[in-house]
Amino acid sequence: MSDRADIAEPVDWRTKGVWWPGEPVAAADLAARRDRLFDGPFTWPLLVLRESALARNTAALAGFTRRHGLLFAPHGKTSMAPALLERQLEAGAWGITVATANQALAVRRFGVRRILLANELLEPEVIRWAADEGAADPGFEFLFYVDSAEGVAALARGLEGYGGGRPPGVLVERGVPGGRTGARTRARVLELARALARVPGGVLSGVAGYEGPLSGAEEVRGFLRDLRGDAAALVEAGLFPGGGRPYVSVGGSAWFDLVAEELGGMAEAVPVLRSGAYITHDDGLYRRVTPFNRLPEGGEALTGALELWARIVSAPEEGLAIAGMGRRDAGYDQDLPVPRVLRRADGSAVAAAGVEVRKFDDQHAYLDVPPELGVRPGDLMSFGVSHPCTTFDKWRSIPVVDDADTVVDVVATYF
């Protein structure tokens with residue numbers, strides 16, 4: 001990737017969580033001040049990233065995929081932050097995954113040279129854009145999914161009259177009955193693959209699927225074996241002549257251990273893992289389901305890197321405190337935020353033991369608090385989140401802090 005464009009993003013009165021009533025300043029200049037979190041130009045609520053956890057999480061998945069013979073294309077939709085994507089690529093990621101055409105355009109502008117759009121693409125103009133990018137930059141690679149005749153037709157229209165460069169590659173998506181996208185049978189996978197192979201300039205690149213919604217390990221294993229069999233069937237059908245190998249791409253952060261067992265190091269195809277939420281992990285959903293809970297590396301291999309700090313604004317009843325954060329600040333599609341640390345007005349800190357978020361308003365969180373904890377207005381409390389993807393998109397700029405609570409970077413997001 002090229003130099004980060006986000007470091008020039010302005011920090012000003014529009015920047016949530018930063019108290020900056022004066023003239024705008026570049027994010028890089030704010031980071032260079034090395035302000036302390038609790039006495040810098042910040043207001044509450046404020047989402048921060050913990051540098052030590054980011055480094056640990058990035059290294060954990062980079063090492064895991066290397067050891068198990070998997071290419072890694074982490075899902076960029078988690079953060080849509082060029083600073084974090086750059087970190088993942090520098091750690092050895094093969095490419096970046098996205099979910100929409102606009103996300104693909106954004107990460108291309110970030111400088112990413114291999115993009116996997118893990119979704120159906122039916123806009124011929126986007127397919128032509130990808131082909132044009134490949135013509136201008138021979139090192140650029142773009143792949144997307146097809147699961148229908150309409151998707152094949154969109155590819156044909158997008159490449160109509162196209163005469164050069166590197167056209168996008170296409171993965172036939174396999175799905176499950178009652179699931180979301182994807183062909184439901186091997187016969188349908190082969191039918192679509194043969195149709196794609198007939199598109200002038202089209203490049204059949206392999207198969208893909210998403211195992212996340214499946215309910216248990218045996219269902220996931222069965223689905224992964226189906227994908228592996230689909231890839232072998234493409235080769236047996238003569239759709240990869242000359243010894244070429246198809247990609248087999250799977251995603252999700254809950255079952256990458258099984259992906260490694262079933263697909264890692266396979267000779268007949270090239271496995272590509274798409275996990276994304278791991279980079280920040282969380283204190284809810286992924287803390288419960290991470291494969292590191294089952295692996296020899298242990299459950300501490302990933303650490304929650306997102307911290308949402310909020311002021312206690314009221315303690316109107318015994319056992320009840322109100323924090324100044326809510327639905328505008330934290331995702332709650334999987335679980336409500338998890339209290340972590342109580343920082344008292346005198347600067348002392350204790351674990352937020354026994355505190356629970358009961359419910360959310362737009363800007364208020366109702367906390368059940370043990371009376372003996374002595375929570376008072378003016379205190380600060382940090383919260384972990386569950387399912388980080390739906391918290392990132394609520395923040396345009398996110399300070400990164402070291403373990404001394406000093407700001408060392410400011411990360412911009414582009415949703």
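**Entry 1: starting point.** I am working with a predicted model. I began with helix pairs, since two packed helices are described by the angle between their axes and the distance between the axes.

**Entry 2: α6 and α7.** I looked up helix α6, residues 149–159, and helix α7, residues 186–197. Their axes come within 10 Å and cross at roughly 15 degrees. Angles under 35 degrees count as roughly parallel, so α6 and α7 are roughly parallel to each other. I noted the crossing of this pair as right-handed.

Which residues of α6 and α7 meet? On the α6 side I found Ala149, Val152 and Leu155. On the α7 side I found Arg188, Leu192, Ala195 and Leu196. Sorted by type, the residues of this contact are 6 nonpolar, no polar and 1 charged.

Entry 3: I then stepped back to Ser148, which sits in the loop between β7 (141–146) and α6. Is Ser148 buried or exposed? Its relative accessible area is 14%, and buried means under 20%, so Ser148 is buried. I also listed its contacts, leaving aside neighbours within four places in sequence: Leu122, Arg188 and Leu192.

**Entry 4: α7 and α8.** The axes of α7 and α8 come within 10 Å and cross at roughly 40 degrees. That angle makes α7 oblique to α8. Here, too, I wrote down a right-handed crossing.

From α7, the residues I found here are Arg186, Val189, Leu190 and Ala193. They meet Arg225, Asp226, Gly229, Asp230, Ala233 and Leu234 in α8. This contact divides into 5 nonpolar, 1 polar and 4 charged residues.

**Entry 5: α9.** My last stop was helix α9, residues 256–263. How many of its 8 residues are buried? I found 7, which leaves α9 mostly covered. The buried ones are Phe256, Asp257, Leu258, Val259, Ala260, Glu262 and Leu263. After α9 comes Gly265, and I noted its positive phi, near 70 degrees.

Conventions. Residues are numbered from 1 along each chain as its sequence is written. This is a predicted model: local features need pLDDT of at least 70, side-chain atom pairs count only at pLDDT 80 or more; totals for chains, interfaces and linings use all residues. Side-chain values use heavy atoms; hydrogens and water are left out. Axes are lines fitted to C-alpha atoms, for helices over the stretch in contact, and angles run from 0 to 180 degrees between N-to-C directions. Helices (H or I, at least four residues) and strands (E, at least two) are DSSP runs, numbered from the N terminus. Angles under 35 degrees count as roughly parallel, over 145 as roughly antiparallel, 65 to 115 as roughly perpendicular and the rest as oblique. A crossing is left-handed if the near helix is turned anticlockwise from the far one by less than a right angle, and right-handed if clockwise. Contact means heavy atoms within 4.5 Å. Ala, Val, Leu, Ile, Met, Phe, Trp, Tyr, Cys and Pro count as nonpolar, Asp, Glu, Lys and Arg as charged, and the others, Gly among them, as polar. Buried means under 20% relative accessible area, exposed over 50%, partly exposed in between (1.4 Å probe, protein chains only).
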